[in-house]
Every structure is written in structure tokens, then in C-alpha cells.
Amino acid sequence: MLLVASLLLGCSPDPYPGEVGDILHISLRSLPKTMDPPRVEDQASGKLTANIFEGLVSYHPYARPYQVQPAIAASLPEVSEDGLTYTFHLREDVTFHDDPCFPDGEGRQVVASDFVYAMKRFAHPRTNTKSLWMFRDALVGFGAFRKGTQAAIEAEHEAGLPPTPLPGLDEVPLPGIEAVDNHTLRLHLTRPYPQLMWVLAMPAASVYPRECVAHYGDDWRNHPVGTGPFRITEYNPVYRAVYARNEDYRDVRVPDPRNRPEDRYPDWETDEAAGRLARAGERIPFVDGVEIRFIQEDQPRWLYFKNGHTDFVNPPKDNTAEALPKGELSPELIDRGVTVQPWVELGTVYTCLNTKDERMSNVDLRRAMALAFDHKWTVDNMYAGMAVVAHTPVPPGVAGHVDYRPYHTQDGASQIERAKELLAKAGYPDGLDPKTGDRLHLTFQGSGTSVTSRQFAARFVDEMRRIGIEVDVVVNTFPQLLDKMRNREFQVASLSWGFDYPDAQNILQLLYGPNAAPGIGSASFENAEFDALYDQAVLLPDSPERTAIYEQMARIVSDEVPWITRAHRIRPHLSHRWLHGYKYTEVNDQHIRYVWVDDELRDASVAEWNRPVRWPCVLFSFVLVGLVAGTLVRRPQ
């Protein structure tokens, strides 16, 4: 009978048997690489760490355009008149998660020296930090600290000593970060750094306890201890991560703009009308835990959401038409109470042209190619309507976005005849070289062998052929493509850039001359006017003056076409009716600490939508029982 019962339970629709409490269920489409903050560079790792670790500041959960707010800092910093010194006063009620690495397993208070340790570890060569750009040129003494600790590593090696984790960390000074006292931290900069507050909100700037890094050694990346609203209780890097509410989390509350004027932010009334502020003024977090499954395949990830087994999702490309036919929620999802938040991503899809290539250095050829692109067709067919045409590198919602399109139409449709005129001006009438009579051939470097990658490459070949250019496609792995771009061994490649923070500088830096390949500027674009404007902008705070400079830089890019800007994708974020307080943000996943779930409604809905077909289980059980009974009857006496 126990066997029969277990078989019947196996036919149950509940994927979380025995779960207790209000648990948020999430899926991620890629595997995380690490939960060690300075080594975080991929989206999945960033999402995992966002609610375990915290830094001095964080993103406001609702404000759009984005704003930063104090996190472990008690308030936003005091900034010196020259913009070179930032003084932070820390909250005194912040503690690390309880963990065996501490005496008696009790997490201790966070103090300013913890930030000094985390920054020095960030800068240490042995840490292999993935985001050195965040502080390398801005923090006083950063370069000298790296040189000094590298010397300590080499001295250790020359002495034949066994390697230690972070040689020189305590001996070599880093004057750019100073613990004035236990609750006062001061940063000293080499130059004004208007993006500093965005950078300090990134996962790599999080704080963590020295004791735990020492205690867990190489396994620290899988055993994170932070200060966030959730602590990790289970982690399998190829299956799932499970969080529990941090019962010792400090007093942080949902903004209450109606009753607290200091909590007001632009358009807060819209969030209130949408019910996101229904628990305004209450203490977070609300859910008892979070379960995150790593589901790399699109179809299973979509079905998990559709059947109610995850609470929100960005539908995979191949399921977008099913979820949002003609851009609207399907009747089935409407009947299930699903809601959608369409959001133009902080990012740009573009075709990168190597301006140092003999042919791609011809600006009229680049302009002709831009005019041949049918962005409207791509948006309608490749993105199922879930994108907007990108006229410049800067997406909507970011200061510096401007409607300027010398080589785009408003809707992105191609301009073939005009493209042919510019192609002739470039020296290739009808796509032919008059000196040789040969047709112009270009090489497109693709990345990956997925259906989508092949479709985009085939579309590029077709669009160029319409103006008389032939294209050869070379398929690479992504690391191979990056190597070619660093070495300027390409003509054309398709790329996208997701913003690390909502400032136009984050994408315009890719076109700044000194960043040319082998740096991050793969187009190797060099324009004296653009570079001079960039040098001005990076020293200015957010202001109308800086926005005007960004707009001017965006116009230069559209005129000179080192990139053919293609699309800003629209991310339609779907959530079930039992999820409340949810407002998507793509810069981090901290919004989940502000949500709550109606667990009874979820259980009832999931049971209704996934009624098990029990007859195969029952039939198999009877057959099995019969076989067992027959065996018992025939057993020799």
C-alpha cells in the first residue's frame, strides 16, 4: 500500500511538496558562476547576490528614472566641494548573517573596516576581480596598491613559500578608502566621478565579513554571508538556490509617499494606483523565503510559469507570440489573472563596424549599410514586435536619448535607393569595384550556432545583397568573437550592450577613442569632437548641461556610423495575480524584497490549472499490485 500511495503522490501537480510558508518562486535562464561579489560579472550571479549582499547604497525599488538610496549607509554621503571626498555615516543596526564562521555562530555588527577589507580584496590581484574599471582610475592609491600586492605575491614565490590567499593585503596601504571610526567611512578620489553612486550600488561593491572568507577558503564563492534580507540555506550551482528570510534584518520599510513627503518620487501615484504601495510603511521583507531554479531551456522555463510553478517571468523569444499576440496578453493569460509590465530595456542591440578595417573606414560605405537595414522587419519578425528601433546608442529613459536619425527612418524601414546612392559615393556603384569589376565582399562574424543567431546572420546577408554587397558569415564561439574584436580581426559583428547603471556614459565609453581595441571599444572609433565631449561629460554631475553633451555625442555616432544601432528590446515581464508589490527593475533583483504572495490563491490556482490525470497511475498501481499478489500466491510453501 505504501508503494501505491507513493505512485499516486508522484502524479501530484505540486512541484514543491512539503513547502512551508510564503515562498517566492523564480527561474533563471543561465547558471550562476559565483556568489563572491568582486567576481560577479554575469547576470545570473548578480541576481543571486542582490538580496544576500548589500553595499553603502542601493536602487530605489520604484523610482523611474532610477534613483539610489541609502542602504548600509545611514544617509547619502557628504561630498566635498571639489567632488573628491565622499563621507558616509553607517547605520549601527546592520549585522552579518548568523553563520558558523563567527563565534557562537552569531553574526556581528558591520563596521567601516569591513568596507576597507572588501575594497582591498576587490583590488588585490589574487582575487581576479571582474570589474576593476569601477574604481581603478578613480580611487586614490588603487594602482599603487595593486602593484604593491603583486610584489608581495612575487616575493612569496621567489622565497619558495607556499602561496597564501592575499599576500600584502594588510601591509600595503590603500589611501582611497579610510575607516575614520567604526561608523564613518571616507572615499578619496583622484578626479570627480559622477557615476560613483551608481557604481557603489553594484554587487561588486558589497560588503562581507573577513572571517567568512578565511573560514570557507575556496568554497566562499558557494557559501555567501552578507547583510541582506535573505540568507542562503541551500545551493546547488546546476539546480537551484534556496533562501530563508533573515530574521535579524534591520528596520527597512516600503516607501510611504502619501504620508511621508520625504518618500515621494516622480510618478508615485501610478505605483499607488497599481497596488504596489498597498503595504506602504510596513517593514520588509514580506516573504518567508525564495526558491530560485536554474532552467536553461526556454520551453520548460515558460511552462513552469504558465502552470503557476514560478511567480513571474520574462517570456522566452519563441513564446512571446503565444503570451502576447499582437503585443497584448493572450485571452488564456488574461483569464488566469496574469499582468504584464512592458519595459524598454536599459540596453542597445547594434552592429559593430571595425572602423580601422580598410573597407569599414569608409564612412559612406557604413552609412549605405545602415540605410539598407530593415529594422522595422526585424522588430516585427525577429522580436515579435517586442522592441523599438534604436536611432542612437542611448535608450529611452536615459538622459541623452534623442530622436536623431540621419540614416534611419522613423519606423526603421530600409531605404534601398538612398543606400545605393551612398554606396556609389563610397566608390562601389551597384556594389562593384570599378577598378576590378569585382563585387564587394564583406565578412560577418557571428556568435553561436543557435537558431536565432543563424536567423540574424541570414537576414544581414539578405539586406546587404539588396544593395549589391555579398557577405560571408563566419561562426564563432563568443570567446572567439571577443578575441577577434580585441585584435581588430573583423569587419562586421552583431553585439548588444546591457547597462551596468542608468547613465549614458556607460555605453558611450565604448566609442571613446582611448578605449579602442584591444580595449572595450571594439569599433575602434576615433573622433576628436566626440572624445573632447566625453572628457567634459565624465566630470559633470547629472545636469541639463551634461544631458546636452550626451545628446551631442549620440548625434555624432548616428552621423559617423561606427555602429548601426538596431533595437532596444522590450522586456514584457509577466506576473501571476497572487504576486503583489512587484515592479520590475533590470539593474538588480532587489525588488523581490518588496513583494508578497497570496499563498492560498496560488495553491488553489495551481491545483486548478494542473489537475492530474490519475488513471494511468491508478491503472499502473493495480497492475503492479496484481503482479505482486500473483507472486505471493505462487510462492512455494
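## A helix over the sheet

Helix H3 (residues 112-123) lies across E6 and E7, and its direction is about 165° to E6. Axes here are lines fitted to C-alpha atoms, for helices over the stretch in contact, with angles from 0 to 180 degrees between N-to-C directions. Contact means heavy atoms within 4.5 Å. Helices (H or I, at least four residues) and strands (E, at least two) are DSSP runs, numbered from the N terminus.

This is a predicted model, where local features need pLDDT of at least 70, side-chain atom pairs count only at pLDDT 80 or more, and totals for chains, interfaces and linings use all residues. Residues are numbered from 1 along each chain as its sequence is written, and side-chain values use heavy atoms, leaving out hydrogens and water.

## The sheet itself

Four strands make an open sheet in the order E4-E5-E7-E6, paired antiparallel. Strands pair if DSSP finds at least two bridges between them. At the edges sit E4 (78-79) and E6 (177-181), each pairing on one side only.

E6 and strand E7 (residues 184-188) run antiparallel, joined by four bridges. Follow isoleucine 177 across and you reach its bridge partner in E7, leucine 187.

## Two helices side by side

Now to H17 (residues 528-537) and H18 (residues 544-560), whose axes come within 10 Å and cross at roughly 155°. That makes H17 roughly antiparallel to H18 (angles over 145 degrees count as such).

On the H17 side, the contact includes Phe530, Leu533 and Tyr534; H18 brings residues including Ile549, Met553 and Val557.

Key
Angles under 35 degrees count as roughly parallel, over 145 as roughly antiparallel, 65 to 115 as roughly perpendicular and the rest as oblique.
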